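Welcome to this short tour. Have a look at the chain first, and then we will walk through a few of its parts together.

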Amino acid sequence: ARTAAVIPAAGRGVRLGPGAPKALRTLNGTPMLIHAVRAMAASRAVSLVIVVAPPEGAAEVRSLLDAHALPERTDFVVVPGGQTRQESVKLGLDALPPEYGTVLVHDAARPLVPVDTVDAVIEAVREGAPAVVPALPLADTVKEVGPAAAPGEPEPVVATPDRARLRAVQTPQGFDRATLIRAHETVTADVTDDASMVEQLGLRVVVVPGHEEAFKVTRPLDLVLAEAVLARRRL
Ligand code: CTP
Ligand code: MG
């Protein structure tokens, strides 16, 4: 079966601070989105990339794709996004032709994911997992907190989950096409990743090793790190 990648890139990037929509901000001179598109197209298995653009930015994204060198064996489609990430992914899936049996969903905000990670996710889906997420162990201890007793009071810690069993998950997340479409049609709760929708269907989600360079560009310091990683790669 063929593999397509949907790239949600319609977010504003509020946590990055004022400026262009996050996916259009540059890293060492090239828009973050172009880095993310190249990361997906770098996999020989990916023959279609669907970019979900900022709602008013679809034409700009189309011309960016046309202006940058991208592999010829890959097709690129641009659709306008929605108000939430979940809605944007759904709009991307609506543009997925029927012959694509495997779908990746990859954040434009993770521009530096290595191709080996992409291929490991695709491989696990092809071996039969309905949903696959790249994941890393946590460096920090994580606490669950409760509400403060009163405004201005400190939040109380209520639990410390065993860190050894926790994972930080990344993208691309990989799916059997029918499973992901059903998840997006069925689950209405707010979620922050696609795999959790498949979990809510009661289906098995498995992890493969993630990669440090697949980190998400969220806050200003992440831009510094991303540009340093690119410089080390001499891009
Ligand atoms: N995204 C999207 N449509 C939205 C919101 C987010 O396509 N309405 C995309 C972002 O463009 C990003 C990915 O989902 O590639 C992960 O979201 P996040 O890192 O939260 O990006 P933003 O929502 O843009 O950032 P912020 O939450 O700081 O505003
Ligand atoms: Mg967001």
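Strand β1, residues 2-8, is largely enclosed by the rest of the structure, because six of its seven residues are buried. This is a predicted model, so please read each feature below with that in mind.

Which strands pair with β1? One is strand β6, residues 100-105, which runs parallel to β1 and is joined to it by five bridges. The other pairing to look at is with strand β4, residues 46-53, again in the parallel sense, over six bridges. The table sets out the two pairings, with one pair of bridge partners for each.

| Strand paired with β1 | Sense | Bridges | A pair of bridge partners |
|---|---|---|---|
| β6 (residues 100-105) | parallel | five | Ala5 and Leu104 |
| β4 (residues 46-53) | parallel | six | Ala4 and Leu48 |

Now let us move to another strand. Val158 lies in strand β9, which covers residues 157-159. Is Val158 buried or exposed? Val158 counts as exposed, because it has 10 C-beta neighbours inside 10 Å, and a residue with 12 or fewer is classed that way. Setting aside neighbours within four places in sequence, Val158 is in contact with Glu144, Val145 and Gly146. Pro137, 21 residues from Val158 in sequence, is 22 Å from it in space, C-alpha to C-alpha.

Next comes the ligand. How many residues are around ligand 1? There are 22, and Pro8, Ala10, Gly11, Arg15 and Ser88 come nearest. By class, this shell holds eight nonpolar, eight polar and six charged residues.

Stepping back, here is the protein as a whole. The protein has seven helices and twelve strands. Its C-alpha trace spans about 55 × 40 × 35 Å along the principal axes. The radius of gyration is 18 Å, which agrees with a compact globule, because a globule of 235 residues would have a value near 18 Å. Buried residues make up 39% of those 235 residues. Among contacts with a separation of 6 or more, 73% come from residues 24 or more positions apart.

Finally, how confident is the predictor? The mean pLDDT of the protein is 97, and 100% of its residues reach 70 or more. For the complex, the predictor gives an ipTM of 0.99 and a pTM of 0.97.

Technical notes:
Residues numbered from 1 in each chain as written. Chains lettered and ligands numbered in written order. Predicted model: local features only at pLDDT ≥ 70, side-chain atom pairs only at ≥ 80, totals over all residues. Near = placed C-beta within 6 Å. Nonpolar A, V, L, I, M, F, W, Y, C, P; charged D, E, K, R; others polar. pLDDT = per-residue confidence, 0-100. Helix = DSSP H or I, 4+ residues; strand = E, 2+ residues; numbered from the N terminus. Rg over C-alpha atoms; globule rule 2.2 N^0.38 Å. Buried ≥ 20, exposed ≤ 12 C-beta atoms within 10 Å, placed from the backbone. Contact = placed C-beta atoms within 7 Å. Pairing = 2+ DSSP bridges.
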